[in-house]
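The following exercises are to be worked through with the sequence and the model in view. Each task is followed by a solution in steps.

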Amino acid sequence: MTITYVLMQNLRRNPMRTLLTCLSFALPMGVFVAAISLIVAMVKLNALNAAQLRLAVQSRIALVNALPERMRAEIEALDPDKTRIRAVCGVRWFGGRVQNTPSVIQSLGADVDTFPLVFDEIGWTDAERESWAKDRQACVVGTNVAEQYGWKAGDRITLESSVPPNLALEFHVIKIVTTEGRTNSLYLRRDYFEESRRTAGFVTPGCNLFWLKCSDLAALRALQAEVDPRFANTPNETKTMDENAFMANFAQAAGDLPGLMRAIAMVVVFIVALVAGNTMMMSFRERTRELAVFKAIGFQGGRVFRIVLAESVILALVGALLGIVPTAAALLAFPLKRLGFLPLSSLEVSPIAIGVSIAIALLVGVVAGLLPAMQAYRLNTVAALRKIA
Amino acid sequence: MILPLSYNWRNLFVRKLSTGLTFIVVAVIVLVLAVLLSFAAGIRASLVATGSPLNLIVLKPGATAESTSILQPEEIARVVQTPGVARQADGALMISSEVAVQSAIPRLGQRDRPANVAIRGVDVLAYAVHDNVRLVEGRWPDAGKMEVAVGRAAQKRFAGLRLNESIALGRLGNRDYTVVGVFEADGGALESEVWGPRPQIQDSFERDVVSSVVVRLGGPADVEPAVAYIRSAAVQLDAKPETEYYRELTAKTTEIVMLTSVLIGIMAVGAAFAVANTMYAAVDGRRREIAMLRTIGFSRGAVVLSFVIESVLICTLACVFGLTASVGFNGMRQDFLSDTTWTVLAYELRLTPGIVAWAFALSVVVGVAGAAAPALRAARLRVIDALRKA
C-alpha cells in the first residue's frame with residue numbers, strides 16, 4: 001500500500017469536501033495570481049525604466065507650465081565635455097484624440113534630433129530613423145494604441161489636440177513600438193507641432209518636460225542634484241526626478257491600483273490559509289480512528305505525519321492550479337487594454353507570478369496541514385482506538 | 001414546528017475552531033468589501049455632488065476639461081446672448097468667467113509629496129452662480145487683494161491652508177496669498193480647490209484669457225435651448241450641464257470600482273464554499289442528533305431551516321464584525337488625480353447605508369448558499385440508519 005494510494009483514497013472518501021476545498025482555494029488564488037502578476041509587471045517596468053537612466057525635468061509648480069526651449073541648451077551646458085549626458089529631449093503634451101472619440105491618447109511632441117537617442121530602447125531600424133528625421137509628420141505609435149484604432153505602419157492619421165489651440169494635425173505612422181513599457185503612447189515631432197501652433201497664433205514654443213539620457217548611474221545621481229539648483233531663483237524653477245518617480249505621479253490617477261492589488265493579495269493569502277486550515281482540521285478529526293488503526297498496524301509516526309501533510313499540500317496545489325489556469329486564460333482572451341495605462345493594460349499572468357502563487361499555495365498547504373499532522377504524529381493509539389467515533 | 005434559535009446559538013460553540021475560522025473569513029471579506037466601496041463612494045460623492053443642473057460649463061470645443069480650455073473675450077461676448085440666463089436682483093446676468101490653473105501644494109504631513117491642486121480665479125459673481133458653494137468660515141477674498149478662500153476638503157488634505165496662513169501661488173510660485181475664508185460645496189469637487197480674485201490669479205499665473213464660463217439658467221426648461229444655442233454657429237463653443245461634466249470625470253473611477261467589485265465577487269464565492277465546507281462538517285458531525293430531532297417530530301423543513309439559520313447567523317455576525325472594523329477607515333482623507341484635469345480631488349472614505357446594506361446582503365447570500373447543500377443532505381438523512389449507527 002503506497003502513500004499515493006492512501007492519499008487518493010482519502011481525497012476520494014469525501015469528494016464533496018475535496019471539491020469545495022479546492023474551489024474555495026481556487027477562486028481567491030485566481031485573484032491572487034492576477035494581483036501578483038500586476039505587482040511583478042510593475043517591478044519589471046520600474047527596472048526597465050531604471051535601466052534606461054533617464055531623468056525628467058519639469059516645472060516645479062506644475063507640469064502644465066511650459067519651460068522655454070532654450071533650457072535644453074542650458075541643461076546640456078551642465079556637461080560641456082559630453083561625458084555624462086548622452087542627449088536631452090524636450091517633449092510637449094499634444095493630448096491627441098481621434099475625432100469624435102472621447103479618450104485622449106497619450107501623445108507628445110518630441111525633439112526630432114534627440115528623440116531616437118533618448119528613447120533608443122524602442123528598437124530603431126536605420127530606415128525608421130531616417131523617416132523620423134526626414135518626414136515632418138512622422139509619428140511613432142505604441143502597439144496598444146495602434147491596435148485600439150487599427151493603425152499600422154504607413155498609415156496616415158488625423159489627431160485633434162485636446163490642449164489649446166486644439167489643432168487637428170495629420171501624421172504618418174512610421175513605426176509601431178512593441179517594446180515593453182512603451183506600448184501606450186504616441187510620439188510626434190515637436191517642430192511640426194510648434195510650427196502649427198505658431199500658425200494658430202501661439203507664438204511661444206516650450207516643453208512640459210525635458211528627458212535627460214545619462215551615461216551611467218553615477219552621472220544620473222549627480223545630474224539629478226545639479227539641475228534644480230541651476231534653475232533656482234529663475235522664472236523657471238524645476239523639479240528633477242528619475243523616470244520611475246515621474247511615472248509614480250500618474251499611477252495615482254488610477255486610484256492607486258497597485259497599492260490596492262497588494263492589499264488584496266495579502267487578504268487573499270490570509271483567507272486561503274484559514275480555509276485550508278479549517279478543512280484539514282475537519283478531515284483529521286473525522287479520521288482520528290483511522291489514523292490510530294494505521295499506527296496500530298505498524299505505520300511509523302513520521303509516515304502518518306507525511307500522509308496528513310501531503311493531503312493538505314495536494315489540496316492546496318490542485319486548488320491553486322484550478323484558480324491560476326482560468327485567470328491566465330481569461331486575461332489572454334480579454335486583455336484589459338481599454339484601461340489604457342501601463343502595466344495594467346498589457347497585464348498577463350507571468351511565470352514569476354505563477355511561481356509565487358504556487359509557492360504560496362505550498363506554504364499555505366504546509367502550514368494548514370502542520371497542526372493536524374502533528375496531532376497525527378503524537379496520536380495516542382490506544383486512546384484513539386478506544387474512543388467510539 | 002421550528003427548532004428554537006437557542007439550539008443554533010449553542011451549536012455555534014460546539015465546533016469553536018471551525019466556526020471561528022469561517023467567521024474570520026467572512027468578516028475579512030466584508031471588511032475589504034466595505035473599505036473598497038467606501039473609497040468608491042467617497043470619490044463618487046465628491047464628483048456627483050458637484051454642480052447644479054442649472055449651471056452650464058462653457059468650454060472651447062475639443063478641450064477635455066477646464067484646465068485645457070481657453071476662451072477669448074470675443075467668444076465670451078457671444079455667450080452673453082444665450083437665452084434663459086438667470087439674472088441677479090440688480091439685473092446682472094449670472095455668467096461667471098473663471099480661470100482654472102494649478103499649483104503644487106504639499107499634502108498635510110507629507111512635505112515631500114506635493115499634489116497638483118486646482119486654483120480657480122473668480123469674480124464676486126461666481127459666489128452666486130455656484131449656488132451650492134457656501135462660505136463656512138472667515139470671508140470671501142476682497143476683489144483686488146491677494147487673498148484666497150479654500151475648500152474644506154483641500155484644507156483638510158493639503159498643508160498651509162488654515163485661516164490667516166499665507167500660501168505662495170502663481171506661475172513662478174512667488175506670489176503670497178492670505179487664506180481668508182473656507183467654503184463648502186456639499187462635498188463636491190470644488191471643495192478641493194483654492195479660489196482667488198480672477199485678476200490677481202490671472203496675473204500671478206501669467207494668463208490673459210479665461211478658461212471657462214459658467215452660465216446660470218433660470219429653470220430646467222432653459223437647459224436644452226441654451227446648450228443648443230452655445231453649440232450653434234452663433235457661438236461655436238461647447239456647453240454641458242455641470243452635473244454631466246463632473247460625471248464624465250468619474251468614468252475611469254467607475255471602471256476601477258467595477259474591476260474591484262468583480263474581484264470581491266470572486267472572493268465572496270470562495271467564501272461561500274468555505275462556509276459550505278464548515279456546514280458540511282457540522283451536518284456530518286451531527287447525524288445522530290438530526291435523526292433524533294426527526295424522530296421526536298421535527299419536519300425535514302424545520303431541519304433545513306435550522307441549518308440555514310445557523311449558517312446565516314455565523315455570516316451576519318461576521319458581517320457586523322467586519323463592518324465595525326471598517327468604521328475605523330470611515331472619514332479617512334485621501335486624494336486622487338483625475339486623468340482628465342490632472343488636478344487632485346481630495347475626498348474622505350464614506351461608509352454609506354448602501355454599503356452596509358450591500359455587506360449584509362452579501363453575507364446573507366453567502367450564508368444561505370453555503371448552507372443549502374449541507375442542509376438538504378441533513379434533511380435527506382435516513383433516520384433509522386443514522387440512529388442505528390454507533
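Two strands pair if DSSP finds at least two bridges between them; helices (H or I, at least four residues) and strands (E, at least two) are DSSP runs, numbered from the N terminus. The model is predicted: local features need pLDDT of at least 70, side-chain atom pairs count only at pLDDT 80 or more, and totals for chains, interfaces and linings use all residues. Residues are numbered from 1 along each chain as its sequence is written, chains are lettered from A and ligands numbered from 1 in the order in which they are written, and side-chain values use heavy atoms, with hydrogens and water left out.

**Exercise 1.** Determine which strands pair with strand 5 of chain B, and in which direction each pair runs.

Solution. Step 1: strand 5 of chain B is joined by 5 bridges to strand 7 (residues 175–184) of chain B, and these two run parallel. Step 2: 2 bridges link strand 5 of chain B with strand 8 (residues 194–197) of chain B, in an antiparallel arrangement. Step 3: B:Ala149 has the bridge partner B:Gly181 in strand 7 of chain B and the bridge partner B:Trp195 in strand 8 of chain B.

**Exercise 2.** Locate the buried residues of helix 7 of chain B.

Solution. Step 1: in helix 7 (residues 223–231) of chain B, the buried residues are B:Val223, B:Ala226, B:Val227 and B:Ile230. Step 2: they lie on the same side of helix 7 of chain B, because they cover an arc of only 100° around the axis (the arc of the directions from the helix axis to the C-beta atoms). Step 3: these buried residues pack against strand 1 (55–59) and strand 10 (238–241) of chain B.

**Exercise 3.** Describe the interface of chain B and chain A.

Solution. Step 1: 54 residues of chain B are in contact (heavy atoms within 4.5 Å) with 54 residues of chain A. Step 2: the two chains, A and B, bury about 4,500 Å² between them, 69% of it on carbon and sulfur atoms; buried area is the accessible area (1.4 Å probe) that two parts lose on being put together, summed over both.

Terms used
Buried < 20%, exposed > 50% of the residue type's maximum accessible area, 1.4 Å probe, protein only.
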